[in-house]
Amino acid sequence: MSTIEHAGDLPDWAALLVSLFLVIGSGLTLIGTIGFLRLKTFYERIHAPTLGTSWGTGGIVMASMIFFTVLATRPVVHEILIGIFVTVTTPVTLMLLARAALHRDRAEGNPDVPPEAPGEPEAAEGQPAAGE
Amino acid sequence: MSQTILAWSVTFAQICLALAMALAALRMSRGPRAQDRVLALDTLYVNSMLLLMVFGMRTGKVIYFEASLVIGMLGFVATVALAKFLMRGEVIE
């Protein structure tokens, strides 16, 4: 167990807070990935890694912000950029991926997915027509 | 006291994230379909981004933050391009 030399003058409360956020973030990321490995169908699996992109990223970003803010004795908040970026991009990527998977399943006539609803715009089109 | 707690929790976080990356790689090798592999790649990107942030806390250098930001952006672009490819069979129309 190597010590962290540059954090020598970190007070105890800050170390406890940073450790708490680190353990929460990394533990939730690991749990999400275990779920990703274990769940049965793709549409169940797509939910599991979002544990890592919501509270996993949030916890580690918070830990890093507290750590560098207390060490530098000035606000260090540039890690929030990663948090905002991941929060904005994850729904976009997962919606695209789920629609692509649904499109592939329907094209193959897979019986496990529901058929296309009558009034639904075509799954491949991102923009539904106005008025629908 | 604070040194010990911090060193242990940083090590714990690194082990957890490395294990998570290994599990995502296992899912990527196992499949069974292309969308599972793309999702595993996305998970792998996010986990490596988090691992780099923890590594930056361990070493105290800001350069790891920038590396993790770059990895996050690359992961977003890669996953969107792969999802588009799965949908249409081509990336740029």
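These legends walk through several close-up views of a predicted two-chain model.

Residues are numbered from 1 along each chain as its sequence is written, while chains are lettered from A and ligands numbered from 1 in the order in which they are written. Because the model is predicted, local features need pLDDT of at least 70 and side-chain atom pairs count only at pLDDT 80 or more, whereas totals for chains, interfaces and linings use all residues.

**View 1. Chain A is built from four helices and zero strands.** Reading from the N terminus, its elements run α-α-α-α. Helices here are DSSP runs (H or I, at least four residues), strands are runs of E with at least two, and both are numbered from the N terminus. Of the 132 residues in chain A, 33% are buried. A residue is called buried if 20 or more other C-beta atoms lie within 10 Å of its own, exposed if 12 or fewer, and partly exposed in between, with C-beta atoms placed from the backbone. Two residues are in contact if their C-beta atoms, placed from the backbone, lie within 7 Å. Among the contacts in chain A between residues at least 6 apart in sequence, 52% join residues at least 24 apart.

**View 2. Chain B has three helices and zero strands.** From the N terminus on, the order is α-α-α. The radius of gyration of chain B is 16 Å, well over the 12 Å that the globule rule gives for 93 residues, so chain B is more spread out than a compact globule. This radius is taken over C-alpha atoms, and the globule rule is 2.2 Å times the number of residues to the power 0.38. Along its principal axes, the C-alpha trace of chain B spans about 55 × 25 × 10 Å. Buried residues account for 43% of the 93 in chain B.

**View 3. Here the two chains meet, with 50 residues of chain A in contact with 47 residues of chain B.** On the chain A side, H1, H2 (42-45), H3 (50-72) and H4 (80-108) each supply at least two residues. The largest share, 15 residues, comes from H1(A). By class, the chain A side divides into 28 nonpolar, 17 polar and five charged residues. Ala, Val, Leu, Ile, Met, Phe, Trp, Tyr, Cys and Pro count as nonpolar, Asp, Glu, Lys and Arg as charged, and the others, Gly among them, as polar.

**View 4. Helix H1 (residues 12-38) of chain A packs against helix H1 (residues 2-30) of chain B.** Their axes, which are lines fitted to C-alpha atoms over the stretch in contact, lie 9 Å apart at an angle of about 15 degrees. Angles run from 0 to 180 degrees between N-to-C directions. H1(A) and H1(B) are therefore roughly parallel, a label for angles under 35 degrees. Their contact has 21 nonpolar, seven polar and two charged residues.

**View 5. A:Thr73 sits in the loop between H3 and H4 of chain A.** Its phi is near 50 degrees, a positive value in a residue other than glycine. Most residues other than glycine have a negative phi. A:Thr73 is exposed, with 8 other C-beta atoms within 10 Å.

**View 6. B:Val80 belongs to helix H3 (residues 63-88) of chain B.** With 17 C-beta neighbours inside 10 Å, B:Val80 is partly exposed. Leaving aside residues up to four places away in sequence, B:Val80 touches A:Thr93 and A:Leu96. The C-alpha atoms of B:Val80 and B:Val38 are separated by 9.7 Å, and these residues are 42 apart along the chain.

Note on methods: Parallel < 35°, antiparallel > 145°, perpendicular 65-115°, else oblique.
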